[in-house]
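Student: Please take one part of this model and look at it closely. I would like the local geometry first, then its setting in the chain.

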Amino acid sequence: MARIILLFLLAIGMQFSGFAQSKYYTKTGTISFTAGTALEDIDAVNKSVTSIFDLSTGQVEFAVLIKGFEFKRGLMQEHFNENYMESEKFPKSIFKGKFDDVSKINFQKDGSYPTTVTGILEIHNVKKEVKVSGTITVEKGIISSTATFKVLLEDYGIKIPGAVKGKISPTADVKVNCIYKIL
């Protein structure tokens with residue numbers, strides 16, 4: 001009887017350890033964007049992106065504080081937060097989605113795996129469905145993700161005043177880079 005109880009407890013422990021290892025997170029992901037033109041360089045980076053990724057389901061979420069984006073010039077950062085993103089009113093951006101083909105990614109084997117993720121991107125209190133191509137990389141047990149995509153500013157209610165239309169692109173080129181740890 002003691003052996004049966006011991007085997008039962010071991011089986012339960014193995015299930016929970018496998019479950020725990022299916023979820024990964026980061027608090028130090030990076031999102032950068034460029035939205036400049038030939039007249040003005042507009043580049044920003046946020047190195048405090050939070051993300052959680054469930055390998056077993058393919059669910060992934062990202063959250064980024066808008067005020068965390070850093071620009072080369074302080075005045076540009078101020079205008080970004082006050083005039084365009086209205087960071088006090090809309091303090092963060094969120095993405096919730098799912099990898100379309102997570103079953104094709106071998107998380108036990110080193111390699112780069114092209115993938116797509118579909119979900120809802122919320123910026124400036126506007127939610128839009130997006131589909132983004134990216135890459136999951138597994139190297140020595142470390143999982144990372146990268147993606148590049150475009151955001152049309154007017155789709156998210158971000159208005160560009162006429163006085164600076166020539167300096168700000170109507171489209172932001174976004175890059176995401178995360179290195180995950182076991183949750």
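Tutor: In the hairpin of E6 and E7, His124 takes a positive phi near 60°. Two residues lie between the strands of this hairpin. The model is predicted, so local features need pLDDT of at least 70, side-chain atom pairs count only at pLDDT 80 or more, and totals for chains, interfaces and linings use all residues. Residues are numbered from 1 along each chain as its sequence is written, and side-chain values use heavy atoms, with hydrogens and water left out.

Now the strands themselves. E6 covers residues 111-123 and E7 covers residues 126-139. They pair in the antiparallel sense over 13 bridges. Two strands count as paired if DSSP finds at least two bridges between them. Ile120 has Glu129 in E7 as its bridge partner. In a regular strand, side chains alternate between the two faces of the sheet.

E7 also pairs on to E8, residues 142-152. These two run antiparallel, joined by six bridges. Glu139 stands opposite Ile142 in E8. E7 and E8 form a hairpin too, with two residues between them. In that turn, Lys140 has a positive phi of about 55°.

Next, the setting. The chain has two helices and nine strands. Helices (H or I, at least four residues) and strands (E, at least two) are DSSP runs, numbered from the N terminus. Along the sequence the pattern is α-β-β-β-β-α-β-β-β-β-β.

Ile143 is among the residues with the most contacts inside the largest nonpolar core, along with Phe33, Phe53, Phe69 and Phe107. This core has 46 residues. Strand E9, residues 168-182, supplies the largest share of this core, six residues. Such a core is a set of buried Ala, Val, Leu, Ile, Met, Phe, Trp, Tyr and Cys residues joined through side-chain atoms within 4.5 Å. Buried means under 20% relative accessible area, with a 1.4 Å probe and protein chains only. Buried residues make up 37% of the 183 residues in the chain.

Contacts (heavy atoms within 4.5 Å) can be read over the whole chain. Of those with a separation of 6 or more, 59% come from residues 24 or more positions apart.

Last, confidence. pLDDT is the predictor's confidence in each residue, from 0 to 100. Its mean over the chain is 89, and 89% of the residues reach 70 or more. Over residues 1-20 the pLDDT is below 50. Beyond near neighbours in sequence, that stretch has two contacts in the model.

Key. Buried means under 20% relative accessible area, exposed over 50%, partly exposed in between (1.4 Å probe, protein chains only).
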